[in-house]
Amino acid sequence: MVVEPLVILSLALAPGVFWAWYFYRRDKFEPEPKALIVKIFLLGVLVTFPVAFVEGFFGLFIVSPLIMGAVIAPIVEEYGKFAVVRRFAYPNPEFDEPMDGIVYAAAAALGLATLENVLYVFTAYLTSPALALSTIAVRAIFSVPGHALFAGVWGYALGRAKFTAAERRPTIVLQGLLLGMVLHGIFNFLLFSAEIFAYAIAVFILVLTPGLWILANRNIRQALDHGDR
């Protein structure tokens, strides 16, 4: 099978763009400026580099791939995405309803996920185009939207916090950020465990993934309900 690298690149970029559009469209009352969404998406791409640096630093001292994947990576990646939204979207006047937290969090997360996806796909492409195509398919369904789903948890918390009493904001945001990190960690843990325990992949596909979507849709409904008041 001969597949041109440019085709592979386009296919690797497509899931991030599609899911960013999907979450953008869920904001049905007052969609955010497209230019700001693109900016946050691109900042999500850029934050991948310091995130990779920090993960690489921890990797010098932690030899366990499981700890790196299920503990360090979720903490560093979620905080990196959170920092983009907190710094560049949260103070913006356009951030004017709870749903905006989810939309901007998804945009930043999908920026990071897109660059990550390109790297994974082209690593697979070095082995074979067929492996690259299968990597694109699997990651488009699970890993790429997964980043948006984890981020949506703390994005919803940011959206709630901005429109609640100032003294309650740090607790709401911290709880959301920690939950996003924990869910990301469980996601990665099940993927690592799937190579050893068959039941792990069943839990991943039948329990965790649907659960993440149920949580995301519940948060979106509640955010839209608050925004409509």
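How many residues apart are Phe122 and Tyr125 in helix α4, and what does this spacing amount to in helical turns? They are three residues apart in helix α4 (residues 98-127), so about one helical turn separates them. Helices here are DSSP runs (H or I) of at least four residues, numbered from the N terminus.

Before we go on, note that this is a predicted model, in which local features need pLDDT of at least 70, side-chain atom pairs count only at pLDDT 80 or more, and totals for chains, interfaces and linings use all residues. Residues are numbered from 1 along each chain as its sequence is written, and side-chain values use heavy atoms, leaving out hydrogens and water.

Now for the rings. A pair of aromatic rings is described by the distance of the centres and the angle of the planes. Rings of Phe, Tyr and Trp (its six-membered ring) pair if their centres lie within 6.5 Å; planes under 30 degrees apart are stacked, over 60 edge-to-face, and the rest tilted. By this rule there are 17 aromatic pairs. One of them joins Phe57 and Phe58, an edge-to-face pair at 6.0 Å centre to centre with 75 degrees between the planes. Phe122 and Tyr125 are also edge-to-face, because their centres are 5.9 Å apart and their planes stand at 65 degrees. Elsewhere, ring pairs link Phe18, Trp19, Trp21, Tyr22, Phe23 and Trp213 into a cluster.

Next, look at Leu183 in helix α7 (residues 169-193). Is Leu183 buried or exposed? Its relative accessible area is 13%, so Leu183 is buried; buried means under 20%, exposed over 50%, and partly exposed in between (1.4 Å probe, protein chains only). Leaving aside residues up to four places away in sequence, Leu183 touches Phe150, Val153, Leu212 and Leu215, where contact means heavy atoms within 4.5 Å.

Val207 is one of the residues that form a nonpolar patch on the surface, along with Leu191, Ile196, Phe197, Tyr199, Ile201, Val203, Ile205 and Leu206. Helix α8 (residues 198-227) gives the most to this patch, with six residues.

Methods
Patches are made of residues with over 30% relative accessible area and no salt bridge: like charges are joined within 9 Å, nonpolar side chains (Val, Leu, Ile, Met, Phe, Trp, Tyr) within 5 Å. Accessible areas come from the Shrake-Rupley method with a 1.4 Å probe; for residues, only the protein chains shown count as cover. A salt bridge is a side-chain nitrogen of Lys or Arg within 4 Å of a carboxyl oxygen of Asp or Glu. Helices (H or I, at least four residues) and strands (E, at least two) are DSSP runs, numbered from the N terminus.
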